[in-house]
Amino acid sequence: MHGALGAYLAILAAGAAFGVPIAVLGAALGQGRAGAAALEGIARQPEAAGRIQTAMIIALALIESLAIYALLVSLIILFVIGLPTGRDVMSALTAK
């Protein structure tokens, strides 16, 4: 049981550890592209700067919320679904 529980905890930690950085990297790339596109649009049509800026801020907020959702899902996987009960941990620690 010790090996199976250890492997389970290692896989759980790896999933939580890799899930958030991948989501944040994707969000950062999306925010960079949205900002670049908005600046290019403002440079081409300066009179539409207010509308472009408003749309960009809304898009950035939605992209950032996706990164926060990834963090939330990772924490749910780690703390609600994944962690074994105290009895399982103690039996795995005391087993030789």
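**Entry 1: ground rules.** A helix here is a DSSP run of H or I at least four residues long, and helices are numbered from the N terminus. I am working from a predicted model.

**Entry 2: confidence.** I looked up the pLDDT before anything else. The protein chain averages 85, and 86% of its residues score at least 70.

**Entry 3: layout.** I went through the secondary structure next. I get three helices and zero strands, and from the N terminus the order is α-α-α. Helix α1 covers residues 2-44.

**Entry 4: burial and contacts overall.** The chain has 96 residues, and 15% of them count as buried. I also checked how far along the sequence the contacts reach. Taking contacts between residues at least 6 apart in sequence, 80% join residues at least 24 apart. The exposed surface comes to about 6,900 Å². Carbon and sulfur atoms supply 74% of that surface.

**Entry 5: Leu-12.** Leu-12 is found in helix α1. Is it buried or exposed? Leu-12 counts as buried because its relative accessible area is 10%, and the cut-off for buried is under 20%.

**Entry 6: Ser-74.** This one sits in helix α2. Ser-74 has a relative accessibility of 9%, so it counts as buried. Which residues does Ser-74 touch, leaving aside neighbours within four places in sequence? I found Ala-16 and Val-20.

**Entry 7: Glu-64.** Glu-64 also lies in helix α2. It is partly exposed, with a relative accessible area of 37%. Its side chain makes a polar contact of 2.8 Å with the side chain of Gln-31. I checked Val-24 too: Glu-64 is 40 residues from Val-24 in sequence, and their C-alpha atoms are 8.5 Å apart.

**Entry 8: the salt bridge.** How many salt bridges does the structure hold? I count one. Arg-44 pairs with Glu-40, and their closest N and O atoms are 3.1 Å apart. Both residues belong to helix α1, four residues apart, which is about one turn of the helix. I looked up the accessibility of each partner. Arg-44 is exposed, with a relative accessible area of 65%. Glu-40 is partly exposed, at 44%.

**Entry 9: the nonpolar patch.** Last stop was the surface. I found a nonpolar patch whose members include Leu-66, Tyr-69, Leu-72, Ile-76, Phe-79 and Ile-81. Together the patch residues have about 1,100 Å² of accessible area. Ile-81 counts as exposed because its relative accessible area is 60%, and exposed means over 50%.

Note on methods:
Residues are numbered from 1 along each chain as its sequence is written. Side-chain values use heavy atoms; hydrogens and water are left out. pLDDT is the predictor's confidence in each residue, from 0 to 100. Helices (H or I, at least four residues) and strands (E, at least two) are DSSP runs, numbered from the N terminus. Buried means under 20% relative accessible area, exposed over 50%, partly exposed in between (1.4 Å probe, protein chains only). Contact means heavy atoms within 4.5 Å. Accessible areas come from the Shrake-Rupley method with a 1.4 Å probe; for residues, only the protein chains shown count as cover. Patches are made of residues with over 30% relative accessible area and no salt bridge: like charges are joined within 9 Å, nonpolar side chains (Val, Leu, Ile, Met, Phe, Trp, Tyr) within 5 Å. A salt bridge is a side-chain nitrogen of Lys or Arg within 4 Å of a carboxyl oxygen of Asp or Glu. A polar contact is a pair of N or O atoms within 3.5 Å; within protein, one must be able to donate a hydrogen and the other to accept it, and residues adjacent in sequence count only if both atoms are side-chain atoms.
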